[in-house]
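Student: I have a structure open and would like to learn how to read its features. Could you walk me through a few?

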Amino acid sequence: MKRRDFLKNASLASLSLPFVSNGFSMQAISKDLFDYSKNAEDRVLVLIRMNGGNDGLNMVFPIDQYANLMIQRPNILIPQNQLLNLTSDLALHPKMTGMQNMFNNGKLSIIQNVGYPEANRSHFRSMDIWTTGALDINQTSGWLGRYFDSTHPNFPADYPNANFPDPFAISMGSEVSSTCQGLMGNFSHAVNDPFNTSNLLLTSVTNDGTYYGSHIEYISTLINQTNEYGAAISSSASAGNSLSSMYNPSNPLAVQLKYIAQMISGGLKTKVYIVNVSGFDTHDSQVDQVNLAEGSHANLLEMISEAVAAFQNDLQMLGLDERVAGMTFSEFGRQIASNGSFGTDHGDAAPIMLFGNCVNTGIIGSNPSIDNQIDEQAGVPMQIDFRNVYASILRDWFEAPEASIQALFEQNITYLDILSGCSVGLAEQEAQKQKPLAFPNPTPTNTTLRFQAHGEQYQIFIMDQQGKAIAQTFDGYLSSGKQELAMETSKLPAGHYYFLITSTNTRELVAFQKI
Amino acid sequence: MLLSSLFSRSFNYLTEDMQVYTGPWTKAEAAHLLRRTTFGATNQQLLAAVSNGMNATVSSILQIPFGDQPLAYDAGETIVPQGSTWVNAVYPANQTQNQQTENARFKSLGAWIAKNMNQEQLCIAEKMAFFWQNHFGVTASAESRAMYHFLNLLRQNSLGNLKQLIKDVTVHPAMLLFLNGSTNNVFSPNENYSRELLELFSIGKGIQIAAGDYSTYTETDVAAGAKILTGYTVTGIRSSTLTQATASFNPILHDNNSKTLSYHFNSQVVSAAGATEYANYIDVIFAQPQVAKYICAKLYRYFVNYDITPTIQTDVIDVLAQTFIANNYEILPVMQQLLTSDHFYDMSVRGAIIRNPLEMIMGALNPTQTIPNFGLVGDYQTYISIYYVADTMGQSYIVPPSVAGWTAYYQEPAYSKLWINSTYIKKRFDIVSALVYTGVPIGSNVLKMNLLGFLNGLSDPSNAPQVIDDICDVFFPKAISIADKLTLKLILTGGLPDFEWTIQYTDYSNDPTNTVVSNPVMQRMQALMNVILKMPQFQTI
């Protein structure tokens, strides 16, 4: 439908006038919505790499597709009554109670069907695509490496220095991150243990009492002394704190996220942390044959859910929750149909999860559609391009100018409002919880508007970016309490919009995006 | 004590340490031999050495091939055309051009040294050549022509007769210019060369036991030596008409008195003998067995380990010295004996030496067969860059820090630890990052490690654990722990199961020119080698 026709059909002739005359300034509101009290320089991004290809369909379940999923993956599909509901048609794996709570508390968002065109099912190639943020085979720098290069073109010459004493990024473990590979250097610094920053020593150095042992001990000591980043890291970690009791010390991801919380709270100015979780290449025994909710994949999801929930809890207790956002990613999802070994083979798109106080909560993107008959080896088709997720993070989280962001990517960027959920003054945090919410957002179809009503007559309009009302979507009485109203948005052209909720005592705006 | 221990033994006595090694001959032993005697062997070369056995491998290593000559490549060279050698060419008469040409020749010489190392045949020539360059500590102070001929003398005779080599060195233009032999004459004797001949080049300075008495020679000998060596001059330095700097003997400048040496040389009298008097003097010095011990100790420190305990002195050094003397100072039999000895392969000395900068750089390039192929100019530009990278890490091959050579070979107690400090280690890591990832840009060329070629040459590239085993054999002097190997393997596989690496590698090897399948393999190898070449273990040989 053309925009002109849509306007014609919507009976809303003169709505823009009273709106403006009531004294609203869209710019002011928009500034309020998008301006953060905290400086973007303080913001931290945590990336959780799920290595091996995560079976999205065994993590986030499209309930409305359950019957056909049962046809395609009968030997691994967890009974519906065991799943953890998020919305009426979406559920989480039973082991992910921590993340279910986060979702219910507005700390978790799920972007569905994320991938890229013409998926490559080689782990190595696909992970390169995800880390470079580019489909171009000749792109060798990582997407964050390019971003850091654009702001620090001389790196690594003369770094660290007084202005940038800390690593730009920290990769937990033994390998620097390809995501942070710049033109001349890698912006990430590998850290196994921030309290023991022998971080250029990725393997053990044991003085076996021989001349050789004395040499390698000497060299390793010297590397540590040389490593200024190492010193900054360990002093931050020592100065830092961790308050949550939710960390499970036998959960290796929890241990790493706890280290990260300590480094952030200790004042380390590192902007990006990368953690890796391996084991998602579940070709066989993905699930326990007796109890389908158990198995290797269940253990991994539990590890992530539990660790991230503890991390989020810790950040809140430390007062850092407005500064930290996180995202999971994996090189690909897995095929829709399971194989005979109670596992799944390499597929295409999969959901990713965003967490933190500032995520635009809810579900972004629609459920994948699973037919009862599918092509052999079919994967979940891509709906949202991962490169647009990256670009949106750079814009909304690091506040990079759009022109510079576009220069980092090969595609024409379509931004998604995924991290603009914070207005973040501490006093506003309580209000934030009561804030009206549209979900899914962005939406390809219809959306739901959730807000607190106060027992009066309400009118709801859709406004465009210029503050002009283009459709009325509700007119009626609403009783006191939380309301969830289905909003017809499927016919809107793609773009940024607001819901305007008005009553005698209320005027509230809710931003949403149609994709 | 040292002297008495020598005389207390018969010449044919062989200690356990110096018996011929008969233990296992595996990749570990072959790799140890090749790490110490070359600038880096490939995995295939290690396997060949295993199958050839120790004796055949050592014999083959000890063949010194003829070298080529450095070629003109830099625009500053105005005499010979690009691609021709300048080692027997005149210099321009114009002073500015003369200096430009010398600068160009110096760079060509430096590049040629790095090229020789990078393109060495699997033999000891380049390692021996540097041993002698360190031993004599000559700086290319006057002209690169003379320096080339000097280096070539060292290289071609590196396993030859030491007595003859020192005679040749003594009257070589490069040495005469470097240690003032060319201005040492009867009217104003200059002791510079005479002192170093004793202190550093032949018998070595012992502890001082009396005023002017260094237990192996005295100040009397230094003064006498200076007189013996008088009369040599050098002509043709950077000459626009002479194709060589040439040493010549001028009888008028020679001290024709007899010279009497100290009791360390049995108070022998060196009679006036003109142009060959210096050779007679050197024969007198070499009659002292201490010369053999001093040189063998230096060879031991360079090829085996810095720490010469009393046991090593008697059981290893003294035995080698006996061989040296018995063979009239032929170097080859000494090296033959050392490299096939039980002690050489002892676990206690594996990895006992920290790589010098060129050993570190070549140790990354050679096993991976990373060899520039950018044409004459591009190759020479690349090699002079490598030469200067080593320079910034403390090893400028033709400009040693002093006549004593590099401190890492003599300075107690640190020895080879002196190659590493906080600045140098960062430079070592920087060059690794550059070689592995972005490549080192040199002019319009980029030198990047040949990681895929290296991988393809391993025993079973599709097998991740085997790849790690091979790589550890090539780069580390001792086995690393199982846990460390696992860490490295996970870097190679990106944390995935081994079979995923097999699939990826197979896809690549079935379609090697397709970057979609080769780039992922390359990136895993980059991640791996970036770690391997920064491990402390790699810094030792």
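Student: How many Å separate the centres of domain 1 of chain A and domain 2 of chain A?

Tutor: Domain bounds come from an automatic or database domain assignment. Here that assignment divides chain A into domain 1 (1-35 + 434-515) and domain 2 (44-422). Their centres, taken over C-alpha atoms, lie 34 Å apart. Contact means heavy atoms within 4.5 Å, and 13 residues from domain 1 of chain A meet 16 residues from domain 2 of chain A. Before we go on: this is a predicted model, where local features need pLDDT of at least 70, side-chain atom pairs count only at pLDDT 80 or more, and totals for chains, interfaces and linings use all residues. Residues are numbered from 1 along each chain as its sequence is written, chains are lettered from A and ligands numbered from 1 in the order in which they are written, and side-chain values use heavy atoms, with hydrogens and water left out.

Student: What area do domain 1 and domain 2 of chain A bury between them?

Tutor: Buried area is the accessible area (1.4 Å probe) that two parts lose on being put together, summed over both. For these domains of chain A the value is about 1100 Å², 50% of it on carbon and sulfur atoms. A salt bridge puts a side-chain nitrogen of Lys or Arg within 4 Å of a carboxyl oxygen of Asp or Glu; between domain 1 and domain 2 of chain A the count is zero.

Student: Which strands pair with S1(A)?

Tutor: Two strands pair if DSSP finds at least two bridges between them. S1(A) has a parallel pairing over seven bridges with S9(A) (residues 324-330), and a parallel pairing over seven bridges with S8(A) (residues 272-278). Val46(A) faces Gly326(A) in S9(A), while Asn51(A) faces Ser278(A) in S8(A).

Student: Is Ala310(A) buried or exposed?

Tutor: Ala310(A), in helix H11 (residues 296-318) of chain A, counts as buried because its relative accessibility is 0%. Met246(A) is 64 residues away in sequence, yet 4.8 Å away in space, C-alpha to C-alpha.

Methods. Helix = DSSP H or I, 4+ residues; strand = E, 2+ residues; numbered from the N terminus. Buried < 20%, exposed > 50% of the residue type's maximum accessible area, 1.4 Å probe, protein only.
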